[in-house]
Amino acid sequence: MTDKARPVFVARRTYRQRRMADAARLLPVLGAGLFLVPLLWRSDGASVGEGDAVAASGAGTVEVMLYLFLVWIFLAAAAGLISYRLPAPQDETRRDGQG
Amino acid sequence: MATLNIMVLVALAYVTLLFAVAFAADRAAARGRARWLRSPLVYTLSLSIYCTAWTYYGAVGFAARSGLEYVTIYLGPTLVVIGWWWTLRKMVRVGRSQRITSIADLISSRFGKSNALAVFVTLVALLGTTPYIALQLQSLTLSVVAFAEADPTREVAVNRQSTAFWVAAGMALFAILFGTRNLDANERHHGIVMAIALEAVVKLVALLAVGIFVVWGLSGGVSETLARIDRSAIAEFEVPGSRWVGLTLLSAAAFLCLPRMFQVMVVENEDERHLRTAAWAFPAYMMLMSLFVVPIAVVGLDLSPEGANPDLFVLTLPLMGGQEGLAILSFLGGFSSATSMVIVAAIAVSTMVSNHVVMPVWLWLTGGSAVMSGDVRLVAMRARRISIAITLFLGYLYFRLSGGGAALASIGLISFVGVAQFLPPLIGGLFWRGANRKGALAGLSVGFALWLYCLFLPSFGPSFLMPVSVLEQGAFGLSWLRPQALFGPAVLDPVIHAFLWSISLNTLIFIVVSIFSFPQPVERLQGAQFVNVFDHSGTTGGWTGGLAQSEDLLIMTQRIMGAQEAQALFAAAAREQGIGGYLPEPTPDFLVTLERALAGSVGAATAHAMISQIVGGASVSVQDLMAVADETAQIMEYSSQLEAKTQEQERTARQLRQVNEKLTQISLQKDAFLSQISHELRTPMTSIRAFSEILRDTGELTAEEESKYASIIHDEAIRLTRLLDDLLDLSVLENAQIVLNPEHGQLGGLIDRALMGAGLSEASIRVRRRPEDEAISLYTDLDRLAQVFINVMSNARKYCDAPNPELRIRVLREADHVAVDFIDNGSGIPAGEQGTIFEKFARVSETRAGGAGLGLAICREIMARLGGSITYVPGQEGAAFRVLAPMALPGQATAAQ
């Protein structure tokens, strides 16, 4: 709506912060994608049928569990790293409060 | 071994500890020296009320039945929290800038402060929360029973119902004690948040301890445990894709919409920066909470006897292993999960019920006017307390009626689907300006109806609330209306089926109705405020003041916020506008501030309704509409400026008129006084002259006559002197020529002295005091202060026109000042004259005989010299004067010590 007023080039620090905000927005999308991956490892019970194929090709609970917890730790760490590089929200509050 | 008894003792000690922690935190917060109370860690831990007893005990049962599926309940919230930059940040910002008190308040506030919407959301929330509370009671009771069964020395069976009842009563007490301290729901409940944070630590430690015991104690190490999982019945990852995705989405939606989550996440949020810590710390917390769930489930399945309840493995495994200490810790973990959830949920729901149901009904019952009667504050507070008790009682009732059967175990997800219906209006309201009230209402109604039909009613089992025929053949025999297989054959499981249909139809109808209907101005205004919360400066506008009566507003505000806070708010606003006293001009800015302040106590919709009663209907100014339309038409801009200028001029003109009126009045008073004073001077003069002539010219006077005439002359001379003294006093005071004689003294003694000096007796007027408030030592000119008191008191005696006159003396201690209020029960001073009573020669009414009208003018000058003030306080029962005196005379305090 107000993009006409925005400058094309910004200082390096502001640029970094905006990209960090992009990263913060995309992280849950990445997380959702990673959490869906185990579905691909499943034996496709619907088409192959509930028989011996399950034991042969399906991934075990142990593997999925280890994978999920690793993804989980990665997401928490990434969220922590990104969050502290974002502009402090409190500054905006103060500006809003005055303006 | 007396495990059960020890367990009960430990639990009681733990409860005592929680009370003590909450009490200490409240005390520390009240003294304003508790920075650690506001740490981001406490905020993160308080979010853990998401993990209830249902997840604490139930996750293991869930895992024992269907493997890794349980983890979806945590994956959804994880995604929401790491995506805080999208939604949570905006929710918290909106919640703070609009002073939101609950999720119902947020939705109603966004859609034009509609109370219908608020009531609807409140009812859904209540319906969704009650079974959930019942579920917590059930978990607690089952865990107590598990203990009892493991205890061979027990003599009597545990009475499940009475256990549940006492637990519910205890939690109600806790919630009422620490949750309804202040009316302003926006103020933080430090005690409760602190207790919840402690409980969060306890449940995490307990679950980790049980997990470590199971893996290394019972199973013999990590690799052995993993091998055991591979050998178990849940070794395969067989979760249907629809459930995996559906439950993750559902838990994410519920995390945002649950009333209790909204309470800790938005309402209790102290600082937006806390979200940064929560962004990584809360996912880590949930990860740890679910780390040992599968091992515990598998080992439990291996070691427990056939038919054991897998929901209680967390408790029964340590008991079987003979680890009573660990079992008690585990019980405390479950206890913590249940109590923290129930307490916060009860507070959240009670806030909604009191703000959106009880208060509007009460306002309507009392004749629709907030000004007329009663103490709103007390009503709201009581409504909130009673709502807490009722919510918990309903939970208990549900627990009893449902008998704690299988129907309860599945209620967690059913409740999630119910509150998830708030998601479309919530997200739509935050991100789409076009979303409007009609759309939100229509969408919510459809979603809610589908939830009832497809999930809630069938959940009680066939033929309890829903006939078997409907369940199997659909309503009216239409097969496509089967509750668990709408529009086609049943391929999905019931929860996912209901979630999918209700949320998608809810969203669809919400969007379609929003697109094809037209919102009211207030909705468009609020929409712009919510969606662009990061750009807008945050003035709602919407009131064109001027017709509002500041005094009425003050009376109403006092009833809601309490006299002291309301007077402070009004006085601050008046100071900002450059006016003295307690009655600011009702500018639009002031009305918006006032509405926000009231919204913090009674919710946006009620606050809006109350102000519009007094102001006489809200209207949106051209300037506000400009912000909504976001168009740059120069003409509109120009006309809006013109309008603003016109308003400004009108206000100035009104102020000028007021000043002019005051000047004219003063001039008239001066004329009147001059004639009065010459009259007053002449009357004694005449009699003095007459009687002295008699004394001089008449030869034969008896001694009796002589002394009579002489005493008349004497009395008249005294009257003259007094009049002249007053005039002199005033002129000396005005020219700042007086010398003060500061002394040390007690306020109580001073008031006693003044009462005697003013000649106030029980027969003339009844005096009500609180001597315990008056024990304040002063260092000031006591004689002068007493003179002020005497003057105000004798005014009350002379002018109070009540049949049973009464004078209330109220002492309020402020930082370095003491405020003494003198309030009588007469008819007070008419608004038109309040401005001039402190002027010289002013008398309230010409008809009443009195002094020369110098008393209050002298008082004002004295108080100015003493570094204080005397003001008239409008909006009390009768005439009310506030004398504000410094406890130590300014400039002399150092000399005194």
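Mentor: Rings of Phe, Tyr and Trp pair if their centres lie within 6.5 Å. By this rule the count comes to 28 aromatic pairs over all chains. Keep in mind that this is a predicted model.

Trainee: Why is the pair of A:Trp41 and A:Tyr67 called edge-to-face?

Mentor: The ring centres are 4.9 Å apart, and the limit is within 6.5 Å. So the rings pair. The planes stand at 65 degrees, and edge-to-face needs over 60. Therefore the pair is edge-to-face.

Trainee: What makes this pair a link between distant parts of the chain?

Mentor: A:Trp41 belongs to helix H1 (residues 12–41) of chain A, and A:Tyr67 to helix H4 (residues 61–83) of chain A. The two are 26 residues apart.

Trainee: Why is A:Trp41 called partly exposed?

Mentor: Its relative accessible area is 34%. Buried means under 20%, exposed means over 50%. The value for A:Trp41 falls in between, so A:Trp41 is partly exposed.

Trainee: How do you know that B:Phe147 and B:Phe331 form an edge-to-face pair?

Mentor: Centre to centre they are 5.9 Å apart, with 85 degrees between the planes.

Trainee: Are B:Phe147 and B:Phe331 buried or exposed?

Mentor: Buried means under 20%. B:Phe147 has 0% relative accessibility, so B:Phe147 is buried. B:Phe331 has 3%, so B:Phe331 is buried.

Trainee: Which residues form one aromatic cluster in chain B?

Mentor: B:Tyr50, B:Trp54, B:Tyr132, B:Phe255, B:Phe282, B:Tyr285 and B:Phe416.

Trainee: What makes B:Arg260 count as sitting over the ring of B:Tyr132?

Mentor: The charged end of B:Arg260 is 4.9 Å from the ring centre. The distance limit is within 6 Å, and the charge must also lie within 35 degrees of the ring normal. B:Arg260 is listed as sitting over that ring. Between the chains, A:Arg25 lies over the face of B:Trp86, 5.8 Å from the ring centre.

Trainee: How do you know that chains A and B touch?

Mentor: In chain A, 41 residues are in contact with 48 residues of chain B. The size of an interface is often given as the accessible area lost when the parts come together. Here the two chains bury about 4100 Å² between them, 67% of it on carbon and sulfur atoms.

Trainee: How many salt bridges and polar contacts cross that interface?

Mentor: The rule finds 0 salt bridges. It finds 11 residue pairs in polar contact, both residues at pLDDT 80 or more. On the side of chain A that touches chain B, H1, H4 and helix H5 (89–98) of chain A each supply at least two residues. H4(A) gives the most, with 13 residues.

Trainee: Why is B:Arg228 called buried?

Mentor: Its relative accessible area is 13%, and the limit is under 20%, so B:Arg228 is buried. B:Arg228 lies in helix H10 (residues 222–231) of chain B.

Trainee: What makes B:Arg228 and B:Asp302 a polar contact?

Mentor: Their side chains come to 2.9 Å. The cut-off is within 3.5 Å. B:Arg228 also touches other residues, including B:Leu218, B:Ser219 and B:Val298.

Notes. Residues are numbered from 1 along each chain as its sequence is written. Chains are lettered from A and ligands numbered from 1 in the order in which they are written. This is a predicted model: local features need pLDDT of at least 70, side-chain atom pairs count only at pLDDT 80 or more; totals for chains, interfaces and linings use all residues. Side-chain values use heavy atoms; hydrogens and water are left out. Rings of Phe, Tyr and Trp (its six-membered ring) pair if their centres lie within 6.5 Å; planes under 30 degrees apart count as stacked, over 60 as edge-to-face and the rest as tilted. Helices (H or I, at least four residues) and strands (E, at least two) are DSSP runs, numbered from the N terminus. Buried means under 20% relative accessible area, exposed over 50%, partly exposed in between (1.4 Å probe, protein chains only). Contact means heavy atoms within 4.5 Å. Buried area is the accessible area (1.4 Å probe) that two parts lose on being put together, summed over both. A salt bridge is a side-chain nitrogen of Lys or Arg within 4 Å of a carboxyl oxygen of Asp or Glu. A polar contact is a pair of N or O atoms within 3.5 Å; within protein, one must be able to donate a hydrogen and the other to accept it, and residues adjacent in sequence count only if both atoms are side-chain atoms. Lists of a residue's contacts leave out its neighbours within four places in sequence.
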